[in-house]
Amino acid sequence: MNFAQLKQPDLIKQACYVNGQWLTTESRLDVFNPANGEQLGHIPCLNPPQVEQAIHSAQQAFNNNQESDWPQRCQQLLRWHQLIMEHKSDLAFIICLEQGKPLNEALAEIEYAASFVRWFADFRQFDHGETLASPLPNKQFQTQHAPLGVVAMITPWNFPAAMVLRKAAAALAAGCTLVIKASELTPFTANALVELAHQAGFPAGVINIVSGDAAQIGLQFCQHGAIKKLSFTGSTRVGKILMTQSAPQLQRLSLELGGNAPFIVFEDADLDAAVAGLIASKLRNNGQTCVASNRIYIAKAVASAFNEKLLARLSALSSGYGWQAGVDCGPLINQHAKTKLQQWIKESEALGAERVFEQVNIASAANFFPITVLNKVTDEMPVAQHELFGPVIALQTFTDETEAIQRANQTGAGLAAYCYSLNIHRCQRLSQQLQYAMIGINEGIISAAVSPFGGINESGFGREGSHLGLAEYQYVKSICYGLGN
Ligand SMILES: NC(=O)c1ccc[n+]([C@@H]2O[C@H](COP(=O)([O-])OP(=O)(O)OC[C@H]3O[C@@H](n4cnc5c(N)ncnc54)[C@H](O)[C@@H]3O)[C@@H](O)[C@H]2O)c1
Ligand SMILES: N[C@@H](CC=O)C(=O)O
């Protein structure tokens with residue numbers, strides 16, 4: 001299985017895009033299909049002067065950009081959205097091959113990713129400063145929303161299109177220019193999106209994409225005076241490195257980091273809906289989602305009924321190659337992800353967890369991992385302490401609401417939380433008392449372009465999507481007009 005099967009194979013760029021040109025180098029990084037280990041291609045490993053060229057071209061393009069250019073930028077965004085939708089089956093196939101998720105999920109990711117481009121192009125037209133009521137007769141006060149300048153973005157492999165477009169669309173709508181470093185595990189989706197941006201008519205230098213040594217490029221972004229903001233999505237570990245590195249420049253940062261979402265099912269929940277919600281939130285992208293439910297708390301009174309329904313639904317799911325019909329889960333991204341999960345399961349079993357389900361209907365290639373359900377988990381076990389990022393469902397029980405809330409809040413992370421109950425008062429209490437930035441109430445899939453996405457605490461800061469996502473790439477200018485005497 002390879003990219004030759006694309007309707008438009010020239011969407012595959014084994015290159016970086018700098019100042020409107022695709023650039024290749026002798027030095028390369030190889031890219032593999034996580035499902036079968038086959039090499040898919042390679043991307044350049046740029047050296048610091050080549051990365052500098054990309055930053056410089058973004059700076060030049062920003063200097064040439066005027067607020068009056070917005071109508072053209074808006075047209076470019078709308079054209080980009082249209083091209084992405086026209087090529088969605090090819091783009092989904094690229095995601096499926098380099099990231100592993102099933103084609104239907106990859107297609108859903110493209111539509112979700114494209115929705116940010118459309119949303120920011122539309123919303124920006126209504127974004128404006130204000131004229132303020134002046135307390136002084138001889139002065140008038142106004143605010144303007146100004147673009148920050150050159151923005152660097154570093155994105156992960158789990159949503160190779162959505163994580164790029166959620167940032168890029170907002171920054172472009174704000175009037176910024178970009179240097180993107182996508183994950184080296186999934187570069188071809190980002191490159192194809194940039195090729196479509198090129199076709200949509202963005203001028204040279206407005207969008208640049210680089211690849212190479214991640215740590216070195218990250219450091220270069222953090223230390224570069226021309227880069228006014230760094231927007232990062234990835235692990236908490238790397239987020240902390242970037243924050244430390246960028247502190248001396250007081251560079252603006254958005255950090256979209258890892259989660260450890262509680263999923264609470266109360267005795268008054270619709271159990272079928274709760275099982276469906278858990279499967280949706282836990283097994284989307286085979287568990288490799290920052291908002292995936294991680295610690296599953298079920299009220300003691302309904303635990304055995306819930307578990308029975310859950311295992312019945314899980315038995316019908318299959319794992320396999322994403323490009324084959326009827327596949328529910330793809331592989332993990334690499335061997336490291338698999339070894340980590342095996343280790344945490346083993347350590348948790350040694351502490352008393354019981355394996356009550358292990359999927360049998362699964363492809364035999366190296367990175368596949370069976371959907372696994374553990375019962376009798378406790379909060380101290382590794383499967384509850386770590387962001388699992390895989391298809392492992394760690395079940396715990398609780399006695400009452402106070403206990404559930406207290407245990408759910410007992411983590412450093414603060415991204416997403418979920419609860420299922422048909423009691424409206426309880427749902428309102430939970431929405432107030434769960435200390436998470438995003439809460440799903442009787443719902444397992446919570447993201448949309450219109451809604452602010454982001455975390456608190458160890459899950460980072462900054463918001464993507466929504467009007468707040470645009471503000472991340474702007475600064476507010478306050479203007480005071482003297483009106484004479
Ligand atoms: N909160 C969110 O919106 C969100 C969304 C998706 C993923 N995530 C998180 O991302 C993680 C999974 O992604 P990952 O494994 O690609 O994360 P990662 O932190 O390993 O890598 C993310 C990106 O950072 C780059 N990188 C790695 N080391 C770096 C360094 N020293 N300096 C600069 N860049 C560096 C990588 O090349 C990649 O592009 C999970 O923790 C997940 O929860 C969060
Ligand atoms: N799945 C998230 C991204 C994090 O993994 C989303 O819904 O946008």
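Author: Let us start with a definition: Ala, Val, Leu, Ile, Met, Phe, Trp, Tyr, Cys and Pro count as nonpolar, Asp, Glu, Lys and Arg as charged, and the others, Gly among them, as polar. This is a predicted model, where local features need pLDDT of at least 70, side-chain atom pairs count only at pLDDT 80 or more, and totals for chains, interfaces and linings use all residues. Residues are numbered from 1 along each chain as its sequence is written, while chains are lettered from A and ligands numbered from 1 in the order in which they are written.

Reader: What pLDDT does the protein chain average?

Author: pLDDT is the predictor's confidence in each residue, from 0 to 100. Where it is low, the predicted coordinates should not be read in detail. Here 100% of the residues score at least 70, and the protein chain averages 97.

Reader: How many residues of the shell around ligand 2 are nonpolar?

Author: A residue is near a molecule if its C-beta atom, placed from the backbone, lies within 6 Å of it. Around ligand 2 that gives Asn158, Phe159, Ala162, Thr289, Cys290, Val291, Ser447 and Phe453. Three of this shell are polar, no residue is charged, and the nonpolar ones number five.

Reader: Which elements give two or more residues to the shell around ligand 1?

Author: There are 27 residues around ligand 1, and Pro156, Gly218, Gly234, Gly258 and Cys290 come nearest. Helices (H or I, at least four residues) and strands (E, at least two) are DSSP runs, numbered from the N terminus. The elements giving two or more residues are α7 (214-223) and α8 (236-246).

Reader: Which helix gives the largest share of the side of domain 1 that touches domain 2?

Author: Residues are in contact if their C-beta atoms, placed from the backbone, lie within 7 Å. By that rule, 20 residues of domain 1 touch 23 residues of domain 2. On the domain 1 side, the largest share is six residues, from helix α4 (residues 103-124).

Reader: Which strands stand at the edges of the open sheet of seven strands?

Author: Two strands pair if DSSP finds at least two bridges between them. The order is β14-β15-β16-β13-β12-β17-β18, with mixed pairing. Two strands have a single partner each, so one side of each is left without a neighbour in the sheet: β14 (354-358) and β18 (438-441).

Terms used. Two residues are in contact if their C-beta atoms, placed from the backbone, lie within 7 Å.
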